[in-house]
Amino acid sequence: MPTSLLIASLLAAASTEPSTPNPLAYFEGAWTCDGHFEPSKKPLASAMVFSRDPDTGALLKQHRDAAPGTYKAAETWSFARVAGGFRATIADGFSGLRWYASPGWEGDRWTWSRQGAGEPGEQFVYIRTGPTTMTVDWMISRAGAPLVLGDTLACMKA
């Protein structure tokens with residue numbers, strides 16, 4: 001094999017550019033959401049803004065509940081090269097910093113899971129319902145009980 005062809009092959013293999021479309025691109029943009037808490041059915045409204053960090057390629061998310069809601073979070077989503085799959089951090093005023101893992105899209109579902117006591121202690125399930133619509137379900141397991149729905153949001157991209 002000629003040296004120049006070998007070097008070109010090695011450079012292509014070492015490239016950090018994804019060979020497939022960015023799986024996180026669907027989320028980019030501003031979303032408005034309406035839903036409710038479970039089991040009270042108390043209404044809930046949120047705004048979520050997803051933007052790509054140009055230096056790292058990570059997806060940054062700002063989540064803000066509308067009043068009277070008080071949940072506010074800053075999130076970072078990215079592919080984990082060494083571990084494989086995706087990882088996220090969520091920082092909020094209730095739980096501090098939490099770490100999540102996801103295999104990526106499974107059909108129209110993207111699930112972030114946090115492990116606790118051998119089973120997922122918490123999940124955020126993003127369900128793609130259309131090109132500009134999604135549902136976000138927050139699932140919680142308390143004291144080792146099975147996951148139950150904590151709140152649900154129907155979201156539309158602006």
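Me: How many aromatic pairs does a search of the whole structure find?
Reply: The model is a predicted one, and the search for ring pairs was run over the whole structure. Two rings are paired when their centres lie within 6.5 Å. By that criterion, the number of aromatic pairs found is 18.

Me: Is the pair of F27 and W77 stacked or edge-to-face?
Reply: The ring centres of F27 and W77 are 5.0 Å apart, and their planes meet at 75 degrees. Planes over 60 degrees apart count as edge-to-face, whereas those under 30 degrees count as stacked. With planes at 75 degrees, the pair of F27 and W77 is therefore edge-to-face.

Me: How many residues apart are F27 and W77, the two members of this pair?
Reply: F27 sits in the loop between α1 (3–14) and β1 (29–37), while W77 belongs to strand β4, residues 72–79. The pair thus links distant parts of the chain, and the separation is 50 residues.

Me: Are F27 and W77 buried or exposed?
Reply: A residue counts as buried under 20% relative accessible area and as exposed over 50%. F27 has a relative accessible area of 0%, and W77 likewise has a value of 0%. Because both values fall under the cut-off, F27 and W77 are buried.

Me: Is the pair of W77 and W110 stacked or edge-to-face?
Reply: The centres of the rings of W77 and W110 are 6.4 Å apart, with 10 degrees between their planes. Since planes under 30 degrees apart count as stacked, the pair of W77 and W110 is stacked.

Me: Which strands hold W77 and W110?
Reply: The pair ties together parts of the chain that are 33 residues apart in sequence, because its two members lie in separate elements. W110, for its part, is buried, with a relative accessible area of 0%. W77 lies in strand β4, and W110 lies in strand β8 (residues 109–116).

Me: Which residues do ring pairs link into a cluster?
Reply: Ring pairs join several aromatic residues into a cluster, among them F27, W77 and W110. The complete list of its members is Y26, F27, W31, F50, W77, F79, F86, W105, W110, W112 and Y126.

Me: What pattern does the protein follow when read along the sequence?
Reply: The secondary structure comes to one helix and 11 strands. Read along the sequence, these elements give the pattern α-β-β-β-β-β-β-β-β-β-β-β.

Me: How much space lies in the second largest pocket, and which element gives the most to its lining?
Reply: The second largest pocket holds about 360 Å³ of space. Of the 24 residues that line this pocket, Y71, F94, F124, W138 and D151 are the closest to its centre. Two or more lining residues come from each of β2 (43–52), β3 (59–65), β9 (119–130), β10 (133–140) and β11 (148–157).

Me: How do the residues of the lining of the second largest pocket divide into nonpolar, polar and charged?
Reply: Phe, Trp and Tyr are among the residue types that count as nonpolar, and Asp is among those that count as charged. The residues of the lining divide into 11 nonpolar, five polar and eight charged.

Me: Where is P39, to which a cis peptide bond leads from E38?
Reply: The peptide bond from E38 to P39 is cis, with omega near 0 degrees. K41, which has a positive phi of about 65 degrees although it is not a glycine, is placed in the loop between β1 and β2. The place of P39 is likewise the loop between β1 and β2.

Methods: Residues are numbered from 1 along each chain as its sequence is written. This is a predicted model: local features need pLDDT of at least 70, side-chain atom pairs count only at pLDDT 80 or more; totals for chains, interfaces and linings use all residues. Side-chain values use heavy atoms; hydrogens and water are left out. On a 1 Å grid over the protein atoms alone, a cavity is a set of points where a 1.4 Å probe fits but cannot get out, and a pocket is an open set with protein on both sides within 12 Å along at least five of seven lines; lining residues have an atom within 4 Å of a point. Grid points are joined across faces, edges and corners, and a volume is the space filled by probe spheres set on the points. Helices (H or I, at least four residues) and strands (E, at least two) are DSSP runs, numbered from the N terminus. Rings of Phe, Tyr and Trp (its six-membered ring) pair if their centres lie within 6.5 Å; planes under 30 degrees apart count as stacked, over 60 as edge-to-face and the rest as tilted. Buried means under 20% relative accessible area, exposed over 50%, partly exposed in between (1.4 Å probe, protein chains only).
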